[in-house]
Amino acid sequence: MEKIKVSFEESAFIVEVEGKKLRVSYKQAELPFKKAQEFCKENGGGDETVENLRLLSKYRDQINEQLRKNGRTELSGWYWANEESWRYNECAFVVSTNDGNVYVNGMNYTYTVRAVSAL
């Protein structure tokens, strides 16, 4: 697996790996899809793509080790992506940080969300 760099700011951590640099908020919430998207915008996000969330999932163990050392909440469970389903109405994608699986579910369901921005 590729070497990963995790650095810490006041309200977010930065992950640098595979030629990407992502800022991820420490703050997270359990919300339905529409409110999750508002939360991300309010917290500097907008790049919560399936691709970016799968990248975080791929390196979750290394990221969580650094988060633990710095007293921060670890990545765990299913997170909303900012992508709506093109096949099913009122559905959007969620990504498992445990194994990178992608699933589509109704926007009224509640999942975890963190703001992600590509740098």
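Predicted model: local features only at pLDDT ≥ 70, side-chain atom pairs only at ≥ 80, totals over all residues.
Biologist: Start with the helices. What describes two packed helices?

Modeller: The general idea is the angle between their axes and the distance between the axes. Now the case here. Helix 2 covers residues 50–58 and helix 3 covers residues 60–69. Their axes come within 5 Å. They cross at roughly 70°.

Biologist: How are helix 2 and helix 3 oriented, roughly parallel or roughly perpendicular?

Modeller: Roughly perpendicular to each other. Angles of 65 to 115 degrees count as that, so the crossing of roughly 70° qualifies.

Biologist: Which residues make the contact?

Modeller: Helix 2 contributes Leu-56, Ser-57 and Lys-58. Helix 3 contributes Arg-60, Gln-62 and Ile-63. By class, that is 2 nonpolar, 2 polar and 2 charged residues.

Biologist: On to nonpolar side chains. What do they tend to do in soluble globular proteins?

Modeller: They tend to be buried together. In this model, the largest nonpolar core has 21 residues. Those with the most contacts inside it are Ile-4, Phe-13, Val-15, Leu-53, Leu-56 and Ile-63.

Biologist: Which elements give two or more residues to this core?

Modeller: Strand 2, strand 3 (20–31), helix 2, helix 3, strand 4 (78–84) and strand 5 (91–96). Helix 2 gives the largest share, 4 residues.

Biologist: Take Val-15. Which residues is it in contact with, beyond its neighbours within four places in sequence?

Modeller: Ile-4, Lys-5, Lys-20, Lys-21, Leu-22, Leu-56 and Ile-63. Leu-56 and Ile-63 also belong to the helix 2 and helix 3 contact.

Biologist: Now the strands. In what sense do strand 1 and strand 2 pair, parallel or antiparallel?

Modeller: Antiparallel, over 4 bridges. Strand 1 is residues 5–8, and strand 2 is residues 12–17. The two form a hairpin, with 3 residues between them.

Note on methods
Residues numbered from 1 in each chain as written. Heavy atoms only, no water. Axes fitted to C-alpha atoms, helices over the stretch in contact; angles between N-to-C directions. Parallel < 35°, antiparallel > 145°, perpendicular 65-115°, else oblique. Contact = heavy atoms within 4.5 Å. Nonpolar A, V, L, I, M, F, W, Y, C, P; charged D, E, K, R; others polar. Pairing = 2+ DSSP bridges. Core = buried A, V, L, I, M, F, W, Y, C linked by side-chain atoms within 4.5 Å. Buried < 20%, exposed > 50% of the residue type's maximum accessible area, 1.4 Å probe, protein only.
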